[in-house]
Amino acid sequence: MRHGQYEELTTGALTPLGRKQARKTADALRRLSVNVVWTSTLLRAKQTASIVAAKQPRARVRRTSLLCEVIPTKLPPNVKLRIPIDAAHVKGDRARADKAFETLFRIARSERTEIVVCHGNLIRYLVCRALGIQPKLWMRLDSTHCGLTEFRVLSHGAVRVVRYNDVGHIPLAMRTEASAKTTPKPPKSA
């Protein structure tokens with residue numbers, strides 16, 4: 001799952017809305033029997049994971065920098081970032097994203113459920129890897145705060161994408177996307 005909305009330009013902490021999004025997601029996932037809650041080491045992901053893990057009393061929380069935000073492929077020239085990203089940075093991020101895929105999507109000795117709280121770009125890249133499509137296509141996928149993406153690892157090692165960026169558990173007025181500064185307004189009724 002992607003972390004909740006956060007203060008992009010200041011602390012990186014969840015906003016009040018981001019905490020509400022995380023609580024709605026924790027409620028939606030509470031019936032699962034979870035073994036591990038994985039999280040990125042970045043503040044917004046750790047805070048989201050803490051809220052989710054509170055509804056999972058049997059789960060242990062594991063933090064890893066493998067799950068931090070990535071730019072896994074070269075960006076098109078029309079995409080502008082606050083900080084420049086050079087080829088070496090992209091290569092390192094891609095290697096870390098691939099290592100995250102190999103770590104998370106492994107054959108287990110027994111059936112288990114794990115929650116991974118991380119970042120939109122990484123989730124989108126992992127979906128591309130699981131689908132076996134060009135990694136650069138990650139930029140064509142939406143990423144909503146606290147959107148749920150579900151993968152299944154089959155007994156022979158194949159990875160299936162069961163759902164992507166599911167936000168049915170979050171009321172429309174609380175949904176925010178990547179780099180959204182305000183909460184979107186609900187559509188006008190017909």
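How many cavities of 30 Å³ or more does a search of the whole structure find? The search finds 1. Before the details, the ground rules. This is a predicted model, where local features need pLDDT of at least 70, side-chain atom pairs count only at pLDDT 80 or more, and totals for chains, interfaces and linings use all residues. Residues are numbered from 1 along each chain as its sequence is written, and side-chain values use heavy atoms, with hydrogens and water left out.

Back to the cavity. By cavity I mean a set of points, on a 1 Å grid over the protein atoms alone, where a 1.4 Å probe fits but cannot get out; lining residues have an atom within 4 Å of a point. Volume is the space filled by probe spheres set on the points, with grid points joined across faces, edges and corners. The largest cavity holds about 40 Å³ of space. Its lining includes Arg2, Gly120, Ile123, Tyr164 and Asn165. Helix H4 and strand S5 (159-166) each supply at least two lining residues. Helices here are DSSP runs of H or I, at least four residues, and strands are runs of E, at least two, numbered from the N terminus. By class, the lining has 2 nonpolar, 6 polar and 1 charged residues. Ala, Val, Leu, Ile, Met, Phe, Trp, Tyr, Cys and Pro count as nonpolar, Asp, Glu, Lys and Arg as charged, and the others, Gly among them, as polar.

Stay with S5. It pairs antiparallel with strand S4 (residues 148-153) over 5 bridges. Pairing takes at least two DSSP bridges between the strands. Leucine 148 has aspartate 166 of S5 as its bridge partner. The hairpin of S4 and S5 has 5 residues between the strands, and glycine 157 there takes a positive phi near 100°.

Now H4 again. Its axis (residues 120-131) and that of helix H3 (residues 87-104) come within 10 Å and cross at roughly 65°. Axes are lines fitted to C-alpha atoms, for helices over the stretch in contact, with angles from 0 to 180 degrees between N-to-C directions. Among the contact residues are Phe101 of H3 and Tyr125 of H4, contact meaning heavy atoms within 4.5 Å. The contact residues divide into 7 nonpolar, no polar and 4 charged.

Last, the open sheet. Its 3 strands run in the order S2-S1-S3, with parallel pairing. S2 (60-63) and S3 (114-117) are the edges. Twist averages 20° from one strand to the next.

Definitions and conventions:
1 Å grid on protein atoms, 1.4 Å probe; cavity = no way out; pocket = protein on both sides within 12 Å on 5 of 7 lines; lining within 4 Å.
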